[in-house]
Amino acid sequence: MEIQLAENIKRLRKERTLTQEQLAEAMGVTVGAVYKWESGQSMPEIRLLVEIADFFGVSVDAILGYTWQADNASSIVKKLSGYALSKNFGEGLRYAEKALKKYPNHFEIACEAAELYLLAASFDREKAWRAIEIYREAIRLIAQNSHTQVNAETLENCIALCYSRLGKTDEAIAILEKNNAEGRSEYRIGAILAEVDGREDEALAHLSNSFVLCWSQMYSICIGYANAYFKKGAYDQMKKLMHWLYDAGQGLRDPERVHYLDRAHVGIFVFLAEAARAEGDSTAAREWLRRARDLARRFDRAPNFDFGEIYFYHSPDSAVAYDSMGDTAMDIIHNFLRKNPEMLPLWEELENEEE
């Protein structure tokens, strides 16, 4: 291992505008000793090394060259990730064990090694036991974590997946139910239960809850896409996405009955009107506004906020939908027009047609 002690002592001394004589006096050694340290001809004994690090206010690792160690650990993390991507588990697991011995207290290495074992458990489920051990070590080292999408809960859920691989359903479910804030673990619980004979109804209930949550998130994601596409002038992409979202929604419900998705589709239609107007097609823009208005009126005559009426909902719990688009479906259009006053002339034309 390359030691950067000489360079670091010299750099730290100069940063504090100290002479070799002053450092020697502070450490109780000769000027010649300091000269030899900085020229790499000799090294301080351990006691002095600790005192030097303390004098400069750094760790012993740092004064020895911690940056080099961190870079080396980083390369190990990347190599472990490469083994996972290539599914080279034989060589990868052997390398993981060497890495864990070399860096027994390194969070990222533990996470990557555990994931490698979890992936390998798809082919050899006994590997899941070792994955559990390493994930628990990673949780112990969680203070080192710098990734916003990783925390103790996500690592515990990985342990749950390990138990699932081992056929220990109850142990897996217990962990997932503990870490189920905002329904984040519902889909995993449902998927695990669906593989167990006699627990189909439980599985469908959990999957249904997750389905509703995912649909709500997908709708919000698509609206976010639409806003971004509009600002970029990517109107074709915007229209394709809105048509896909509409078709997907229609495939979930009885089109002859009023459903909450009608209210959601009002928002889709006004986005399509906005895209058509931006492209200079006032006829199409007016027609999309007409469809939005007619659908909003239909929904407002008999509002239905029970999202659980979709085809694939099997939970005994109700699925009441809500949003912040307006008190009524017609409010969705009015709020849109306030934000997009250039659409008002088209809307007024529609209103005048009825008079």
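Predicted model: local features only at pLDDT ≥ 70, side-chain atom pairs only at ≥ 80, totals over all residues.

**Notes on the helices and cores**

1. At 1.5 Å a residue, the 14 residues of H9 should span 20 Å, and the end C-alpha atoms are 21 Å apart, so the two values agree.

2. Which residues of H9 are buried? They are Ala128, Ala131, Ile132, Ile134, Tyr135 and Ala138. The cover over these buried residues includes helix H7 (89-102), helix H8 (107-120) and helix H10 (152-165). As a reminder, an α-helix has 3.6 residues a turn, so residues three or four places apart point the same way.

3. Next, the largest nonpolar core, which has 49 residues. Those touching the most other members are Met242, Val266, Ile268, Phe269, Leu289, Phe307 and Ile333. At least two core residues come from each of H13 (200-232), H14 (235-250), H15 (260-278), H16 (282-301), H17 (329-339) and H18 (344-354). H15 is the biggest contributor, giving twelve residues.

4. Have a look at Met242 in your viewer: leaving aside residues up to four places away in sequence, Met242 touches Cys222, Ile223, Ala226, Ile268, Phe271 and Leu272. Another core, of 44 residues, lies apart from the largest one and has Ile76, Tyr83, Phe107 and Ile192 among its members.

5. Finally, helices H2 (residues 20-27) and H4 (residues 46-56) pack at an angle of about 115°, with their axes 11 Å apart. The crossing of H2 past H4 is right-handed. H2 brings Leu23, Ala26 and Met27 to the contact, while H4 brings Leu48, Glu51, Ile52, Phe55 and Phe56. By class, this contact has seven nonpolar residues, one charged and no polar.

Terms used
Residues numbered from 1 in each chain as written. Heavy atoms only, no water. Core = buried A, V, L, I, M, F, W, Y, C linked by side-chain atoms within 4.5 Å. Buried < 20%, exposed > 50% of the residue type's maximum accessible area, 1.4 Å probe, protein only. Helix = DSSP H or I, 4+ residues; strand = E, 2+ residues; numbered from the N terminus. Contact = heavy atoms within 4.5 Å. Expected span 1.5 Å × (residues − 1). Axes fitted to C-alpha atoms, helices over the stretch in contact; angles between N-to-C directions. Left-handed = near helix turned anticlockwise from the far one by under 90°. Nonpolar A, V, L, I, M, F, W, Y, C, P; charged D, E, K, R; others polar.
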